[in-house]
Amino acid sequence: MNEARPPSANERIKEASEFLRGTLAEGLRDTVTGAVVEDDAQLVKFHGMYLQDDRDLRTERTKKKMEKAFAFMIRVRISGGVCTPRQWLALDRVARHYGNGTMRLTTRQTVQLHGVIKSNLKTTLKAMDDVVMSSIAACGDVNRNVMCNPNPFQSRAHAMALELARAISDHLTPRTPAYREIWLDGERIAGGEDDVVEPIYGRTYLPRKFKTVVAVPPSNDVDVYAQDLGFIAVVDERGDVLGWNVTAGGGMGMTHGEPETYPRTADTLGFCRTADALAFAEAVVTVQRDWGDRSNRKHARLKYTIEDRGLAAFRAEVERRAGKPLQPARPVRFTSTGDRYGWTEGENGRAHLTLFVENGRLREPALTGLRRIAELHDGDFRLTANQNLVVANVAPGKRVEVERLVAEHGLNGTLSGLRRNSMACVALPTCGLALAEAERYLPDLITALEASVAAHGLAEDDIVIRMTGCPNGCARPYLAEIGLVGKGPGRYNLYLGAAFDGSRLSKLYAEDLDHDGIVAALDPLFAAYAAGRQAGERFGDFSIRAGFVAATGNGRDFHANVKVR
Amino acid sequence: MPLSPIPSTAPFAEEDIEILNRVVGPATPLQRAWLAGFLAGIDASAAPLQPAAPAQPAEPLTILYATESGNSEKLAGDVAKAARKLGLKPTLVDMADLELAALAGSKRLVVIAATWGEGEPPARAAHVYAALMGDGAPRLDGVEYGVLALGDTAYAEFCAIGKAIDARLAALGGKRVVDRVDCDLDFAGPAARWISSALKALEPPAAERGTVISVDFGSKSVPAADHGPVEAEIVEHINLSSSRSDKETIHLELAFDGPAPAYKPGDSLDVYPQNDPAAVDALLKAAGLSSDGALRDDLIKTRDIATLSTKTVETYAATTGHQYVKELVAAGGVRDWIAGRQIVDLIEHYPIALTAEQLRGLTRPLAPRAYSIASSRREVGEAAHLLVTAVRYQTHGRARKGVASNFVAERLKKGGRIRVKLKPNRHFALPAADRDAIMVGPGTGVAPFRAFVQERRAAGAPGRNWLFFGDRRFTHDFLYQLEWQDALKDGALSRLDVAFSRDTPEKIYVQHRMWEQRRDLVDWIERGASFYVCGDKGMGKDVRATLVRCFADVKAQAPELAEQSVAALERDRRYLQDVY
């Protein structure tokens, strides 16, 4: 449909890259700059890295006769967010030695290391490879880290969900040997036919990023409706997985002032058996590969492909490629998107401890505490889609010791309902897209709002609040009951009315608010909610019933019926 | 009417005789004597091995100097100047170039020897010094000599090299005709007095002397003209270190009221600092002299209020009679006690009320501090750039600050003024334009190489330039990064290898990069490259040792042979260092 328009610059870069090699190897040998050349900066994303610079330092650098303070963000690929203590220790070590001394748990169940300078990239990736971890396809126009509900107390359903997540991840991981060649000093493997090197992707990969999750109701912690592709477990009374509802076409990103861009919740395509799940996953990916818009990157996500072609046509093509029809979707019911904190008992006699990690940022002394735990732990670690951490499958004999280390390193604490349901993206100073602060500011905003909710008797109520520094939506702000999206330094748009279970988008309520403006805007809404809510009514639902905002049906509806205060 | 003293038979053309008569005729006796000396000197300098005037042969004097910072060399020049006035024929010899056997042929010998750091000889002279101290040293029976020692009482082994040479010359049969004097940083006065008494002792009998007046031929025997300090305006004052750096490294751009001092790449500027008023106040408070404004002003501007030497403690004991200090001196504990301490610690630890004169007597004159010039006049015009890292550390529970570096970093501001003086360093000059240069300059050691690269770019010198730079962190300490990137692009720099010690758990230094690049390094040197190293003294040693290892490995040489390869480079003045 876009034949008339030329491919975007990124398409040209991918095409010329020889399966993601570009000139990265040469760029690494140039030790006088911390950057790589522009095209390579696009390609390196496919290897799981972003070239960034410390924006706090930008103004001083030229005067000091220094280039920008370049460093890389490395995003690890951790299918389902599950890693072993040995892997955790390896990440902890590279974070301290080569990163900025922190680990960042992301909204997509993985770990980001920030501040890794170019000369340390290979050492870092080799250290990860030693524990069978990789960053391939953690970013870029490919299927990224596959998320999976980590609810370890539902051991059987989770085990199946994790198995599916890993299978999808493995199936959709790029096959190019470039990663091994460039980062792990592997032998250069001569190129072959496109369909031999990359049987699923070809030489230009996907038109845009692609995100896949596996959800296990009643928890929608992975925010299945925010993803390009989702599998929702259909579980019977005994806890066995019967199969999966397949969803497609969710996505958060949009651009301020461009109403043709919008967030969208995914549609449910139908139901499939576990044995067919991989075929449907591949079919969705290849349809998007062939139908997606490769000339306009702001219109390239699967959500626009489905909007443009229509859901019926898209489903028919997926079924044709998978070689079988989807069954009608089965009823599923989600209750929330949040995590359940504290200890839970698993079905296997082991216990699991979910720890709140504010905005996913782990620094000292928390890092040391978790390192000590990892040194004695024989279960695993599970990263949640809410930037939190589960110390999972703790042996009964080790629970006391784990508890002691948690207390000693301040890994626990009493949290308000607002804070325990909060998320923020990284934003400043490292993210090149950020228009405003997020991670560094949200904790302070919540402190201010806590006074407000407490005054109205809502301190213990779960209200989902999320903040991002730009409208691309890494922390999924349009699915939060209170969504704050950066507009400019110190300025945010306020969105309200999303569903607590992650099934309905929010709508713009007020624009360009500063700190005081946010607090002043929300305080009367909290007051009204406290006074007028019905039993069990969530803040997001109340916001619509009370007329703060109109309900958003889906994507195209997101910018409609907006009455900005 | 003018007289006609030049006879018409003189071997000159008629018109020349006329000109000569016009000058010589009305000349005073002094002018004529000067002219006689001048003409005799022309021959002497044109053919230094020939007697200055055959009729009245001048007595030779060998002036041997071992220099690191250039002070000994400058004093040697002073000796030569004075010696010529006395009718002696001086020969200046850099100890680095000395053929030891030739020393036995000297009749009269003046040695000016600097001691460097913890009792070490100047680096370039180290091999000759070792030979002199060794078994192969020649007998020096009958050689009349005197030794002037330069040092710094701040170091424990004060003037150790001068002392050792003095003793060694005597042991080899030399005849000491003047007692050694050991000079501290304020050497000018004592050195001048020593020179005059030494020359008096070494002076030949009157009958052996000529009557010509000696003439100073300036640049031939003495380093560049010695102007006094000049004022400069700070036109740029930038901390090049990132705000996240542990360090503060100031890039200073100086403008002069007239032309800039005639510096060459490799030269230094002496910076005349002032003390931190807060440090002076702390000292005055400790001494009970806080109310003495005149003393405060004097201490800030002219005195070294920090350096604590054995001598200082002894003076303190003697002038105050402090019982505990006397006991410390008597017990021989001073040397250990002063390590890492300053005058203020002495007074605070052994408090006693002092008079202004007593306090002043504990201090030395405030010496200038030399910084390598980081610019080339060919690129920056009548300006000079300096690169200064603020020296800050902690000892005995007190924060310490380097006087000059913190004067620059903390108290100089853009638009302010500073006193500086050119300090030439002809031992650290660029090679011929077509020769390659390898430059190892971590930290502020990179300063002269910025001058080198600027100079060679402006001159269009075809020789290649290879820089090794290092510091703590790539992101926060890469001094002049953008300039080096430009220099690589425009070809002024052929190669740049960098080493950052704090970016990885295992520390990486420039010498590691040298080792990695050893094949190319040896290849460059074998193709005639000069090797330069500037910066910290310890680094300088490591770099030299690494170069020896590089030769041993690449050329498959035994360590002793590789050592000789590097020593040969030093003798050829192709291994040059400026370390501090």
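A search of the whole structure, a predicted model, finds 31 aromatic pairs over all chains. Rings of Phe, Tyr and Trp (its six-membered ring) pair if their centres lie within 6.5 Å; planes under 30 degrees apart count as stacked, over 60 as edge-to-face and the rest as tilted. Y225(A) and F334(A) are edge-to-face, because their ring centres are 6.1 Å apart and their planes stand at 85°. This pair links distant parts of the chain, 109 residues apart. Y225(A) sits in the loop between β7 (212–215) and β8 (229–235) of chain A. F334(A) sits in the loop between α12 (311–322) and β11 (342–345) of chain A. Helices (H or I, at least four residues) and strands (E, at least two) are DSSP runs, numbered from the N terminus. Both Y225(A) and F334(A) are buried. Buried means under 20% relative accessible area, exposed over 50%, and partly exposed in between (1.4 Å probe, protein chains only). Ring pairs also link F526(A), Y529(A), F539(A), F542(A) and F548(A) into a cluster.

As for the model's conventions, residues are numbered from 1 along each chain as its sequence is written, while chains are lettered from A and ligands numbered from 1 in the order in which they are written. Local features need pLDDT of at least 70, side-chain atom pairs count only at pLDDT 80 or more, and totals for chains, interfaces and linings use all residues; side-chain values use heavy atoms, with hydrogens and water left out.

**Where the chains meet**

On chain A, 20 residues are in contact (heavy atoms within 4.5 Å) with 25 residues of chain B. The area buried between chain A and chain B is about 2,000 Å². Carbon and sulfur atoms give 55% of that area. Buried area is the accessible area (1.4 Å probe) that two parts lose on being put together, summed over both. V32(A), K65(A) and M66(A) supply 36% of what chain A buries against chain B, more than any other three residues.

Three salt bridges are counted between chain A and chain B. A salt bridge is a side-chain nitrogen of Lys or Arg within 4 Å of a carboxyl oxygen of Asp or Glu. D54(A) forms a salt bridge with R244(B), and the closest N and O atoms are 2.7 Å apart. Twelve residue pairs, both at pLDDT 80 or more, are in polar contact between chain A and chain B. A polar contact is a pair of N or O atoms within 3.5 Å; within protein, one must be able to donate a hydrogen and the other to accept it, and residues adjacent in sequence count only if both atoms are side-chain atoms.

**Backbone features**

| Site | Feature | Value |
|---|---|---|
| P217(A) to P218(A) | cis peptide bond | omega about 10° |
| E364(A) to P365(A) | cis peptide bond | omega near 5° |
| Y480(B) | positive phi, not glycine | phi near 60° |
| R573(B) | positive phi, not glycine | phi near 55° |

P218(A) lies in the loop between β7 and β8 of chain A. P365(A) is in the loop between β13 (361–362) and α13 (366–376) of chain A. R573(B) is in the loop between α22 (559–571) and β20 (575–579) of chain B. R573(B) is partly exposed, with a relative accessible area of 33%.

Y480(B) lies in the loop between α17 (474–477) and α18 (481–490) of chain B. Y480(B) is buried, at a relative accessible area of 0%. Setting aside neighbours within four places in sequence, Y480(B) is in contact with residues including K65(A), L240(B) and H251(B). Y480(B) and K175(B) are 305 residues apart in sequence and 54 Å apart in space, C-alpha to C-alpha.

D471(B) is in strand β17 (residues 465–471) of chain B. D471(B) counts as buried because its relative accessibility is 10%. The side chains of D471(B) and K247(B) are joined by a polar contact of 2.9 Å. Not counting residues up to four places away in sequence, D471(B) also touches others, among them G443(B), D477(B) and F500(B).

R321(A) is in helix α12 of chain A. At 28% relative accessibility, R321(A) counts as partly exposed. Its side chain makes a polar contact of 3.1 Å with the side chain of T286(A). Neighbours within four places aside, R321(A) is in contact with A283(A), T286(A), V287(A), R289(A), D290(A) and W291(A). R321(A) and A427(A) are 106 residues apart in sequence and 39 Å apart in space, C-alpha to C-alpha.
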